[in-house]
Amino acid sequence: MGNPLEEHIIAYIDLLGVKEKIKKGDLKSKDMVHHLYSWTVDVTPQIAIPELADIKFKIFSDNIVIAKKLSKESTQRERDIRAALMCIGHFQEMAATETVCCMLRGGITIGDLLIDETMVWGQALVDAYKIESTIANYPRIVITDLAAKEIMNYPKLKDYLRTDFDDCYFLNYLADCNYVGEFLEAGFERMKEDANLSDPKIKQKYIWHMKFLNTELKKKKEKYRLSL
C-alpha cells in the first residue's frame, strides 16, 4: 500500500535570518525569497539536462527540500548526483547574490526517501535535517561522509566537495558558476546593511561566508572580493 521508499540524494536547507524578517513583516524580503523559490522550481526542469527534469522540491516557509532519485547503474547514477549538486549549488549561489541577499545552511545525504505531491518521508530526510540543525552551523551545506565518499568515486564531481576546518565535507556551490563575483560581492554588501555584526555569532557566519567566497573567486581568477 502506498509508494515505496527509494534511494535519493537529498538536501535539507534553511535560509538564515528569514524568521527575523518574517517577525518584522518585511514584505520585500518575502518577495525576494519567493523569487528564489519560483526560479528554482520553475526553471530547473527547463534546463537542457535530462536529469534535472524530475528533481523534487518541498518548500515550507524558510526551508526547502531538494531531492533526486538515484539510479543503481553507475554512469546514470553519476549523472543523477551531478544534477542534484548542480541544482543545490545554483540555489545557494543565487541566494547569496544581490537578487535575494540571503545566506543559508543545510545538509546533504544519500538514503531512502519518499517524496511526492503530498509528503516527504524517510530516514534520509531525518538525517539531512539533523545535519542542518546540529552540524552545519555556518552558511554551508554539509555533506555526510557516506555521500562524500560516493561523490569522490566520480573524478568529475570532486570539485563539488570542500573540506572545512572541522573536517566536515561541504558543498562548493560555485563549482558550476563563473563570472558571478560581481553579483556575490553586491549581495554581501546588501546583507551587511541589515546585519547586526556586533553579535559575535552573526559576525562569525559573515566571516565564514566571506572567506569561502574569496577563496573560490581567487581560484576562478575573478577580481571581485568580499570584505567586512
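On a 1 Å grid over the protein atoms alone, a pocket is an open set of points with protein on both sides within 12 Å along at least five of seven lines, and its lining residues have an atom within 4 Å of a point. A cavity is a set of points where a 1.4 Å probe fits but cannot get out. This is a predicted model, in which local features need pLDDT of at least 70 and side-chain atom pairs count only at pLDDT 80 or more, while totals for chains, interfaces and linings use all residues. Residues are numbered from 1 along each chain as its sequence is written, and side-chain values use heavy atoms, with hydrogens and water left out.

## The largest pocket

The largest pocket holds about 880 Å³ of space. Volume here is the space filled by probe spheres set on the grid points, which are joined across faces, edges and corners. Its lining has 34 residues. Leu-16, Gly-17, Val-18, Glu-20 and Lys-21 lie nearest the centre. Two or more lining residues come from each of β1 (6–15), α1 (18–23), α2 (27–43), α4 (123–136), α6 (181–194) and α7 (200–219). These labels follow DSSP runs numbered from the N terminus: helices are H or I with at least four residues, strands are E with at least two.

By class, the pocket lining has 14 nonpolar, 4 polar and 16 charged residues. Ala, Val, Leu, Ile, Met, Phe, Trp, Tyr, Cys and Pro count as nonpolar; Asp, Glu, Lys and Arg count as charged; the others, Gly among them, count as polar.

## The largest cavity

How many cavities of 30 Å³ or more does a search of the whole structure find? The search finds 3. The largest cavity has a volume of about 40 Å³. Val-18, Lys-21, Ser-29, Met-32, Val-33, Val-100 and Cys-102 line it. α1 and α2 each supply at least two of the lining residues. α2 gives the most, with 3 residues. The cavity lining divides into 5 nonpolar, 1 polar and 1 charged residues.

## Strands around β1 and β3

β1 is mostly covered, with 8 of its 10 residues buried. Buried means under 20% relative accessible area, exposed means over 50%, and partly exposed lies in between (1.4 Å probe, protein chains only). β3 is mostly covered too: 6 of its 7 residues are buried.

Strands pair if DSSP finds at least two bridges between them. β1 runs antiparallel to β4 (residues 104–115) and also antiparallel to β3 (residues 63–69). Ile-13 is partnered by Ile-64 of β3.

β2 (residues 56–60) is also antiparallel to β3. The two form a hairpin with 2 residues between them. Phe-60 stands opposite Asn-63 in β3. Ser-61, in the turn, has a positive phi of about 55 degrees.

| Strand pair | Bridges |
|---|---|
| β1 and β4 | 10 bridges |
| β1 and β3 | 7 bridges |
| β2 and β3 | 5 bridges |

## Helix α5

Which residues of α5 (residues 145–152) are buried? They are Ala-147, Ala-148, Glu-150 and Ile-151. These four lie on the same side of α5 because they cover an arc of only 160 degrees around the axis. The arc is taken from the directions from the helix axis to the C-beta atoms. The face turned away from the buried side carries the exposed residues Asp-145, Leu-146 and Lys-149. Cover for the buried residues includes α3 (74–96), β4, β6 (141–143), β7 (161–163) and β8 (169–171).

Asn-214 lies in helix α7. Asn-214 is buried, at a relative accessible area of 17%. Leaving aside neighbours within four places in sequence, Asn-214 is in contact with Arg-225 and Leu-226. Contact means heavy atoms within 4.5 Å. Asn-214 and Asp-31 are 183 residues apart in sequence and 28 Å apart in space, C-alpha to C-alpha.

Asn-137 lies in the loop between α4 and β6. Its phi is near 60 degrees, a positive value in a residue other than glycine. Asn-137 is partly exposed, with a relative accessible area of 37%.

Lys-221 lies in the segment after α7. Its phi is also positive, near 60 degrees. Is Lys-221 buried or exposed? Lys-221 counts as exposed, at 76% relative accessibility.
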